[in-house]
Amino acid sequence: MNLTITNCSSFTHPQALRLQAITEIAAEPVLVVAPHPDDETLGCAGAIALLRRQGYTVQILVMSDGTQSHPNSRKYSASVLKDLREAETRCAMSTLGIEESYITFFQLPDGAVPGAEAENFGSVVHQCYVYLATVNPKIIFAPWRYDPHPDHRATWQILQAALALTALSLRVIEYPIWDWDPQQRQLHYFESNQAWRLDISEVVELKQRAIALYRSQTTDLIDDDPTGFRLTPQMLSNFAHPWEIYLEQNP
């Protein structure tokens with residue numbers, strides 16, 4: 001059964017969403033766009049692993065540098081943290097079958113990925129357009145347009161503006177991250193979207209191993225910033241299901 005998202009969240013009754021197999025969406029090349037290093041793994045690791053097992057080409061684009069997760073750390077300056085988070089992404093993607101040459105980092109400032117009103121929005125859109133022309137994807141996994149995090153919404157805006165400059169005919173599949181949190185959940189959506197689940201039961205343990213490689217986000221590796229970010233066990237439990245939730249705009 002398909003659920004139409006209007007004034008509620010797809011997380012209220014996720015088991016009611018239609019369950020699909022990877023064969024129903026597979027095409028290539030595939031592009032996964034992540035606002036921060038780790039979003040691609042949290043949201044799409046199952047899809048990535050399944051697509052790679054079938055031999056499909058998967059490209060990864062990470063928009064921000066991730067350096068605001070621990071802004072007050074003295075052990076991990078911004079430049080050190082940037083390198084660490086990129087290294088974690090490479091390790092996680094290697095676990096899922098992605099070679100380093102298929103990963104691109106735009107290194108935009110964490111917490112300040114430019115939205116449509118930003119002065120530098122146009123230049124980042126052009127950068128994205130050039131990248132899209134090189135990759136020529138048939139499917140894009142993008143952050144959910146109404147995700148509570150501003151970097152996630154800005155990433156979606158950049159991608160949509162860049163796609164409008166191309167002649168690409170493709171499928172855009174959106175993945176939610178922060179809608180799992182009831183305190184951040186968006187309850188009023190301005191368009192109807194179809195939500196569905198992807199069966200990742202055969203790779204769910206692999207997804208958990210990939211997530212665990214983001215030690216800067218899941219452990220006390222960075223222990224000198226009491227205000228630093230950490231993915232709590234409660235938050236991580238939302239990404240341990242044998243399925244992933246995706247959304248697509250209704251025709």
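Q: In this predicted model, what share of the contacts with a separation of 6 or more comes from residues 24 or more positions apart?
A: Residues 24 or more positions apart account for 83% of those contacts in the chain.

Q: What is the secondary structure of the chain, and what percentage of the chain is buried?
A: The chain has seven helices and nine strands. Of its 251 residues, 51% are buried, where buried means under 20% relative accessible area.

Q: How confident is the predictor in the chain, and what is the pLDDT over residues 1–8?
A: The mean pLDDT is 90, and 89% of the residues reach 70 or more. Over residues 1–8 the pLDDT is below 50, although this stretch has 32 contacts in the model beyond near neighbours in sequence. Where pLDDT is low, the predicted coordinates should not be read in detail.

Q: Which residues make the contact of H1 with H5, and what are their classes?
A: On the H1 side they are Thr41, Leu42, Gly43, Ala45, Gly46, Ala49 and Arg53, and on the H5 side Leu206, Lys207, Ala210 and Ile211. By class, six are nonpolar, three polar and two charged. Gly counts as polar here, and both Gly43 and Gly46 are in this contact.

Q: What describes the packing of H1 with H2, and which residues make the contact?
A: The axes of H1 and helix H2 (residues 78–96) come within 9 Å and cross at roughly 35°. H1 contributes Glu40, Thr41, Ala45, Ile48, Ala49 and Arg52, while H2 contributes Thr89, Ala92, Met93 and Leu96. The contact of H1 with H2 has six nonpolar, two polar and two charged residues.

Q: Which residues of H3 and H4 meet, and how many are nonpolar, polar or charged?
A: Phe121, Val124, Val125, Cys128, Tyr129 and Leu132 of H3 meet Gln157, Ile158, Leu159, Ala161, Ala162 and Leu163 of H4. Eleven of them are nonpolar, one is polar and none is charged.

Q: How do you know whether Asp38 is buried or exposed?
A: Asp38 has a relative accessible area of 6%. The cut-off for buried is under 20%, so Asp38 is buried. Asp38 is found in the loop between strand S3 (30–34) and H1. Leaving aside neighbours within four places in sequence, Asp38 is in contact with Arg85, Tyr214, Gln217 and Leu231.

Q: Why does Arg18 count as partly exposed?
A: The relative accessibility of Arg18 is 33%. Partly exposed lies between under 20% for buried and over 50% for exposed, so Arg18 counts as partly exposed. Arg18 is in the loop between strand S1 (3–5) and strand S2 (19–20).

Q: How far apart are Arg18 and Asp199 in sequence and in space?
A: Arg18 and Asp199 are 181 residues apart in sequence and 9.9 Å apart in space, C-alpha to C-alpha.

Conventions. Residues numbered from 1 in each chain as written. Predicted model: local features only at pLDDT ≥ 70, side-chain atom pairs only at ≥ 80, totals over all residues. Heavy atoms only, no water. Contact = heavy atoms within 4.5 Å. Helix = DSSP H or I, 4+ residues; strand = E, 2+ residues; numbered from the N terminus. pLDDT = per-residue confidence, 0-100. Axes fitted to C-alpha atoms, helices over the stretch in contact; angles between N-to-C directions. Buried < 20%, exposed > 50% of the residue type's maximum accessible area, 1.4 Å probe, protein only.
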